[in-house]
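Subject: Structure for you to look over

Hello,

Here is the structure I promised to pass on. Please open it next to this email, and my notes follow below.

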Amino acid sequence: MGMEWYDMIARRNGEYRARAQYMWEGKSAEEIFEERLIQLLPAYTSVLDAGCGHGDFTLKMAAHTAHITGFDNSEEMIKIAQERLESSTIQNVDFICATTKEELPFQDKQFGLIYNRRGPTSIIEYGRILLKGGLLFGIHTDVTKVRERLERKRYEQIEIEEYHEALMVFPDENEFALFLADVPGNPDYTLPEYGEQLKAKLKEHTVDGKIAVREHKYIWKAVKG
């Protein structure tokens, strides 16, 4: 999805977040990823958050490591991230607007850990900024490109785990429509003209009488050789 879409989401929502209300049934891969990242962070003094969005997750993780740099290709997201940093007491985080479509403004071997929470998988192409023996750690809905890039760039100790048990359960069709509307590439299902399409989506996502979406994500990691 283009940078314009993320800028629009930042202006509309005030950050990169879903508007819909829902409850989790089962433990989500996102929760598992966060727990594992918190365990990893203390071992590293220089960390990169690839695709940091509006920065809330970066600021939260800052408590567990010496320094984190967050980058995102959306100027609007980085503006929000910088404002939140400046209004906090956190001093070990930097934010920068950058894109993997151009050469990243980081030094060779600058980072010991790069984590990728649904950010650009093209960060894998920038092995030069990762220390030898450094770790890449990520979570995504599709790892086809992740696997191909890791193997082509000859990363080592590649591990990819699949998660598809947890359910996002929505209280009503209005919240479900909001969720669908915030998925990149989708039309605004909250509008009346998409009523028939919304009905079809509701039929697809009914589990035991509940409106639900089954999570399907992958947690992956690899070491730079």
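Two strands count as paired if DSSP finds at least two bridges between them. Strand β2 (residues 47-50) and β5 pair in the parallel sense, over three bridges. Within that pairing, Asp49 has Tyr115 of β5 as its bridge partner. Please keep in mind that this is a predicted model.

**The seven-stranded sheet**

β2 and β5 belong to an open sheet of seven strands. The order is β4-β3-β2-β5-β6-β11-β7, and the pairing is mixed. β4 and β7 (156-163) stand at the edges with a single partner strand each, so one side of each has no neighbour in the sheet. From one strand to the next, the twist averages 15°.

Helix α2 lies across β5, β6, β7 and β11. It runs at about 160° to β6.

**The cores**

The largest nonpolar core has 26 residues. Which of them touch the most other members? They are Phe33, Leu37, Phe95, Leu113, Tyr115 and Ile219. Several elements supply at least two residues each: α2 (29-40), α3 (56-61), α4 (75-86), β4 (93-97), β5 (111-117), β6 (130-140) and β11 (217-223). The largest share, four residues, comes from α2.

Take Phe33 as an example. Leaving aside neighbours within four places in sequence, Phe33 is in contact with Phe57, Tyr115, Asn116, Arg117, Phe137, Gly138, Ile139 and Ile219. Another core, of 21 residues, lies apart from the largest one. Its members include Tyr126, Leu130, Leu150 and Tyr155.

**Aromatic rings**

The structure holds nine aromatic pairs. One of them is Phe57 with Tyr115: the ring centres are 5.9 Å apart and the planes are at 75°, so the pair is edge-to-face. Phe57 lies in helix α3 and Tyr115 in strand β5, so the pair ties together parts that are 58 residues apart in sequence. Phe57 counts as buried, at 10% relative accessibility. Tyr115 is buried too, with a relative accessible area of 0%.

The charged end of Arg117 sits over the ring of Phe57, 4.1 Å from the ring centre.

Phe106 and Phe111 form an edge-to-face pair as well. Their rings are 5.3 Å centre to centre, with 85° between the planes. Phe106 is buried at 8% relative accessibility, and Phe111 is buried at 0%.

There is also an aromatic cluster, made up of Tyr22, Trp24, Phe170, Phe176 and Phe179.

Four strands form an open sheet in the order β1-β8-β10-β9, with antiparallel pairing. The edge strands are β1 (23-25) and β9 (206-207), and each pairs on one side only. β1 and β8 are joined over three bridges in the antiparallel sense. Glu25 stands opposite Leu167 in β8.

Is helix α6 (residues 173-181) largely enclosed or largely open? Seven of its nine residues are buried, so the helix is largely enclosed by the rest of the structure. The buried residues of α6 are Glu175, Phe176, Ala177, Leu178, Phe179, Leu180 and Ala181. Glu175 is on that list, so look at it in the viewer: buried here means under 20% relative accessible area. The cover over these residues includes β8 (167-170), α7 (195-204) and β10 (210-214).

**Loops and outer positions**

- Lys109 has a phi of about 55°. Lys109 is found in the loop between β4 and β5, and counts as exposed at 53% relative accessibility.
- Arg118 has a phi of about 70°. Arg118 sits in the loop between β5 and β6, and is partly exposed with a relative accessible area of 42%.

Back in helix α2, look at Glu35. Glu35 is partly exposed, at 35% relative accessible area. The C-alpha atoms of Glu35 and Phe106 are separated by 27 Å, and these residues are 71 apart along the chain.

Best wishes

Terms used: Residues are numbered from 1 along each chain as its sequence is written. This is a predicted model: local features need pLDDT of at least 70, side-chain atom pairs count only at pLDDT 80 or more; totals for chains, interfaces and linings use all residues. Side-chain values use heavy atoms; hydrogens and water are left out. A nonpolar core is a set of buried Ala, Val, Leu, Ile, Met, Phe, Trp, Tyr and Cys residues joined through side-chain atoms within 4.5 Å. Buried means under 20% relative accessible area, exposed over 50%, partly exposed in between (1.4 Å probe, protein chains only). Contact means heavy atoms within 4.5 Å. Rings of Phe, Tyr and Trp (its six-membered ring) pair if their centres lie within 6.5 Å; planes under 30 degrees apart count as stacked, over 60 as edge-to-face and the rest as tilted. A charge sits over a ring if NZ of Lys or CZ of Arg is within 6 Å of the ring centre and within 35 degrees of the ring normal. Axes are lines fitted to C-alpha atoms, for helices over the stretch in contact, and angles run from 0 to 180 degrees between N-to-C directions.
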